[in-house]
Amino acid sequence: MNNHRKYLRDIDVIDFMSRPDQFSLFSDNRRALVRLDIAWRGYWHALYDPCPSLLDFSGDQDGFNIFRPFMRWGSERKICFGWPLHLWVIIWLQENEMLNSSNSEIILSELAGAAAARWAISDRTEALGIAIYRGIKQNWTVGWKYRAVDLQREIQEIEIGADLSPEDDIPSYFLIFDNKISVFPGWSRIL
């Protein structure tokens, strides 16, 4: 008898909501599977909706070849699934040596743009923008907060003409407190 048959309430499956590799434990419990699926649906859409190239890159229709291993990796490391979610995906892709010169430019651009957009709508500090190093030397992704209610959020890719990449060459960021990037304060890690 499968002991997971008893999990019928959300509170009973909450520990499994961060571990998509545990779904198979609930194969005979449809109510628990539905709860787990609903819990992960938001993360799936947050990851793939702004990054359609990543979904194509996953090699399967539902994107689980990337989604499930990444979420398992993230939950094991207890990473923040907030605005830096997409930057963690870049790190995971790099660690798994999945990116190469033929696919990296568009995927990295989409992932960094999604992270900048998430930061711009969620950050409540006095910062006006964020600059993100996404793993391509001399290129940054910059996201700006709304400057007025009727304006759209701005995400830009800029080429800076100098190699100011972080020492360990991993996705990093710095906050911008002016209407333009006037100084380079150094990179912050997303840890």
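I began with helix 5 (residues 85-95), where nine of the eleven residues are buried, so the helix is largely enclosed by the rest of the structure; buried means under 20% relative accessible area, exposed over 50%, and partly exposed in between, with a 1.4 Å probe and protein chains only. Among the buried residues I noted H86, W88 and W92. Helices (H or I, at least four residues) and strands (E, at least two) are DSSP runs numbered from the N terminus.

I kept in mind that this is a predicted model, in which local features need pLDDT of at least 70, side-chain atom pairs count only at pLDDT 80 or more, and totals for chains, interfaces and linings use all residues. Residues are numbered from 1 along each chain as its sequence is written, and side-chain values use heavy atoms, with hydrogens and water left out.

Next I looked up the sheet, which is open and has five strands in the order 3-2-1-4-5 with antiparallel pairing; two strands pair if DSSP finds at least two bridges between them. Strand 3 (154-159) and strand 5 (188-189) are the edge strands.

Then I turned to salt bridges (a side-chain nitrogen of Lys or Arg within 4 Å of a carboxyl oxygen of Asp or Glu), of which I found five. K145 and D123 meet in one of them at 2.7 Å, N to O, and both residues are buried. In another, E157 and R134 have their closest N and O atoms 3.2 Å apart; E157 counts as partly exposed at 44% relative accessibility, whereas R134 counts as buried at 1%. I also noted that E105, R134 and E157 are linked in a network of salt bridges.
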